[in-house]
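Dear colleague,

Please find below the structure that I am handing over to you. My findings follow it, arranged by topic.

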Amino acid sequence: MSRLCGKKSVYLFLILLCLFLGSPRLVGAVEVHDGSPADGDWLVRRMPAEPATLNPVTATDVYEGMVNSFIYESLLKRDNRTLELVPFLAQTLDASSDHLSYTFTLRDGLRWGDGMPLTADDVVFTFEIVRDPAVDAPHLRNYYRNLEKVQALDNRTVRFTFSKPYFKSLEMIGGMSIIPRHIFAKGDFNTNPHGRSPIGSGPYKFVKWETGKEIVLSRNEDYWGKKPHLKKIVFKIITDETVALQVLKRGEMDLMGLTPVQWTRQTRRRKFTRKFDKLQYYLPGYSFIGWNMRRPYFSDKRVRRAMTMVLDRESILKNLRYGLGQIVTGNFFYESRDYDKDIKPWPHDPRKAAALMDEAGWTDSDGDGIRDKDGVPFRFEFTIVSGSQFAEQMATILKEELRKVGVDMLIRPLEWALFTEVLDDRSFDAVIMGWSLPVEADPYQVWHSSQAEKGSNFVGFVNQEADEIIEKARTTFDRSTRAGYYRRFHEILHDEQPYTFLFVNKSLVALDKRFENVNVYPLGLDPTEWYVPADLQRYR
């Protein structure tokens, strides 16, 4: 599934728990260490925006996943190195040759973080919840449209039966976070308080969430699998990129993503590189500007193409991102076989952009310097996540370029929680954000017309041929054939321009050097493998 990049209460309990746990204690520095794996220490990392919820079913942003990947688990997982699906909560899998039936046997002795047994009933419950129309999860539900039934054959055995084959069926049932029935069956699922205090089966347990400050996890000492070495993971919620780097440099944080200017200019001194390793890698995903096609300004593809041609993406990549990325033209990961590299970006051509708007009927009929059509001035809001330096810079550049061609753009910064509400309500004109992508992407969630009113098709893209391609590809298991369908889909998006596709960006990371066994995998980093030698540990 795709997830958004970019931003009720048991609060009294959390305060009391915080006071009980106490504050971290620094360990005195030593000069020599033996480098041997050891239990202990914490990982303190930045979270750029606060998640709306930690309910793994209703959440739609990557920030929930940053936390819940340590708390909840799935039947299968991707192997870090090969990216193949391998057993996780499941011990065995039996798949029918017609791709319509999948039977999983759970590992013996699985337990939730509160000590209750994890059984096949929890698996059945999870998928009943996902498919329930009353549950706020349209972004997930589309993947299970053809799931006919889920049966618990006994306490450890679950069978999934589909009405028609789908190339991602195994990944979607195997990769879904399993949730506890005894916790989430009570009351309204969408507002269940455990969206703020999750209980999972994973290697870490939830400790506290201080709104606007931090989310804290501690190691699950009764974990069924191999326990990680690190005792705690602390997510510090710091929305401002400059402040975050200051906190990192003071030694109050261990891990954070860097902006291109931070990577290139602000962390290059020896004083920094003595303390921190700098890692870079690509992750599947892309950034974009989304045009709400329900608005009169953006209902015409000529205008949307004009918006793209106004923007000098090559200059932005060079000057704002220091060349650390690649301009993209479509929705698939740039290095995947589904992405058509023969499709070239629309060029930066303000004169042609102006001609396209003229052709679409947006002219300055009253001489006030602003284009208009049918009495409607071409004046719109550009919604960004506040605190994002790149979004602010992009918005400023776009505003000036549009002014030159007779379009008035107002910049509207919002905190992440409000930003996602605006997306859900479709109450925006244009937005800048990004999608993170799975290993094998299915465009249905973001691009099928059925997802336009309540789903991830925020911009309201509706195209019959695109729908037909998406549906046909879902039942195509041959990867080369499916790639052919997706390349045609890529052509349609390039022509229609519902998004101005921006960049696939390099992930730029700084990590404290005291951590050992740090590997950069195709999908990034895995802190559950890390350790700190005993004599270098900072926190007790």
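Is F127 buried or exposed? In this model, which is a predicted one, F127 is buried, with a relative accessible area of 0%.

**Aromatic pairs**

The structure holds 37 aromatic pairs. F127 belongs to one of them: with Y144 it forms an edge-to-face pair, the centres being 5.6 Å apart and the planes standing at 75 degrees to each other. F127 is part of helix α3 (residues 120-131), while Y144 is in the loop between α4 (138-141) and β7 (147-154), so this pair ties together parts that lie 17 residues apart in sequence. Y144 also counts as buried, at 2% relative accessibility.

A further pair is made by Y297 and W362, whose ring centres are 6.0 Å apart; their planes are at 50 degrees, so the pair is tilted. Y297 is located in the loop between β14 (285-291) and α10 (301-310), and W362 in the loop between α12 (350-359) and β16 (372-373); the pair therefore ties together parts separated by 65 residues in sequence. Y297 counts as buried at 11% relative accessibility, and W362 counts as buried at 3%.

Ring pairs also join Y286, F288, W447, F461, Y499 and F501 into a cluster.

**Charges over rings**

Two cases may be of interest to you. The ring of W263 has the charged end of K278 sitting over it, 4.7 Å from the ring centre. The charged end of R321 sits over the ring of F390, at 4.7 Å from its centre.

**The second largest cavity**

The second largest cavity contains about 40 Å³ of space. Its lining is made up of T308, R313, V328, T329, P345, W346, H494, Q497, T500 and F501. By type, these lining residues comprise 4 nonpolar, 5 polar and 1 charged. F501, one of the lining residues, is also a member of the aromatic cluster described above.

**Backbone angles**

Most residues other than glycine have a negative phi. D41, although not a glycine, has a positive phi of about 75 degrees. D41 is placed in the loop between α1 (11-21) and β2 (42-47), and it is buried, with a relative accessible area of 1%.

H99 is likewise not a glycine and has a positive phi, of about 65 degrees. The position of H99 is in the loop between β5 (90-95) and β6 (101-106). Whereas D41 is buried, H99 is partly exposed, with a relative accessible area of 29%.

**K275 and its contacts**

Finally, I would draw your attention to K275, which is found in the loop between α9 (270-273) and β13 (276-282). K275 is partly exposed, its relative accessible area being 43%. Which residues does K275 contact, leaving aside its neighbours within four places in sequence? They are K249, L511, D512 and K513. For L511, the separation from K275 is 236 residues in sequence, yet the C-alpha to C-alpha distance is 8.4 Å.

With kind regards

Terms used: Residues numbered from 1 in each chain as written. Predicted model: local features only at pLDDT ≥ 70, side-chain atom pairs only at ≥ 80, totals over all residues. Heavy atoms only, no water. Phe/Tyr/Trp six-rings, centres within 6.5 Å; stacked < 30°, edge-to-face > 60°. Helix = DSSP H or I, 4+ residues; strand = E, 2+ residues; numbered from the N terminus. Buried < 20%, exposed > 50% of the residue type's maximum accessible area, 1.4 Å probe, protein only. Lys NZ or Arg CZ within 6 Å of the ring centre and 35° of its normal. 1 Å grid on protein atoms, 1.4 Å probe; cavity = no way out; pocket = protein on both sides within 12 Å on 5 of 7 lines; lining within 4 Å. Points joined across faces, edges and corners; volume = space filled by probe spheres on them. Nonpolar A, V, L, I, M, F, W, Y, C, P; charged D, E, K, R; others polar. Contact = heavy atoms within 4.5 Å.
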